Amino acid sequence: MDGLFATSFEAFLFDMDGTILNSAAPSERVWGNWAQKHGIPTPNYHGRRANDTVRDLNLPGIDPDAEGAEITAMEIVDVDGVVPIPGAREFLSQLPPERWAVVTSAPKALALRRIAAAGLPNPHLMISAEDISVGKPAPDCYLAATKLLSVSPARCLVFEDADVGISAGEAAGCAVLAITETRHIPLTASKPQVENYLNIRAIADGRKIRLTK
């Protein structure tokens, strides 16, 4: 963990759900209702694209893309209970707009809806579900973000909460800091982690950004 505070980065990359905002309440409602309609337990959907989650269920007669689109439409409508992760609004406001991006498995329309509902700064740069062909835990989304920002993955710090996202960031060659505010299962002690953003700050100096406590 201390190594992250001794390192200067050129860009910060943020997952969305569970990392800069908490959307657990509406997500659980939508996915719970969808699973009940199909007579199955609620699947582990966190951190992945909706159609990828549905596809892995191998439900007979189900079109994963159509079902994923239906789930997303319901999530766009239901944002009751979407709130920022503590300290996230202030932390993001400390960053130059061109030096950070949101990298999410959600479609862009849903991401923008939830970011607005949480009262967070609107990102100038975003990689969403539509921008990649292979979702997390593949590194494609974070590699796309580093290309968008014209920075080396080794000079980027990824903020993540889900195991699939942490794996994606590491596979891309980025440093990763886990946000544990909404996690139900603890991370291994070896992973750099903080609960939320209340006790960390970002210091920007030209192209360099560093973390401080």
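Leaving aside residues within four places in sequence, Pro84 of this predicted model is in contact with Ile20, Leu21, Arg89, Ala118 and Leu120. Pro84 belongs to strand S3, and the residue is partly exposed, its relative accessible area being 24%. Between the C-alpha atoms of Pro84 and Cys174, which lie 90 residues apart along the chain, the separation is 24 Å.

The loop that runs between helix H4 (64–77) and strand S3 (83–84) contains Asp78. With a relative accessible area of 18%, Asp78 falls under the 20% limit and is therefore buried. Residues up to four places away in sequence not being counted, Asp78 touches Pro26, Arg29 and Val30, and with Arg29 there is also a polar contact from side chain to side chain at 2.8 Å.

The two residues compare as follows.

The axes of H4 and helix H6 (residues 108–117) come within 9 Å and cross at roughly 20 degrees; because angles under 35 degrees count as roughly parallel, H4 and H6 are described as roughly parallel to each other. The crossing in which H4 passes H6 is left-handed. On the H4 side, Thr72, Glu75, Ile76 and Val77 take part in the contact, and they meet Ala109, Leu110, Arg113 and Arg114 of H6. Sorted by class, the residues in this contact of H4 with H6 are 4 nonpolar, 1 polar and 3 charged.

Key
Residues numbered from 1 in each chain as written. Predicted model: local features only at pLDDT ≥ 70, side-chain atom pairs only at ≥ 80, totals over all residues. Heavy atoms only, no water. Helix = DSSP H or I, 4+ residues; strand = E, 2+ residues; numbered from the N terminus. Buried < 20%, exposed > 50% of the residue type's maximum accessible area, 1.4 Å probe, protein only. Polar contact = N/O pair within 3.5 Å; in protein donor to acceptor, adjacent residues only side chain to side chain. Contact = heavy atoms within 4.5 Å. Axes fitted to C-alpha atoms, helices over the stretch in contact; angles between N-to-C directions. Parallel < 35°, antiparallel > 145°, perpendicular 65-115°, else oblique. Left-handed = near helix turned anticlockwise from the far one by under 90°. Nonpolar A, V, L, I, M, F, W, Y, C, P; charged D, E, K, R; others polar.
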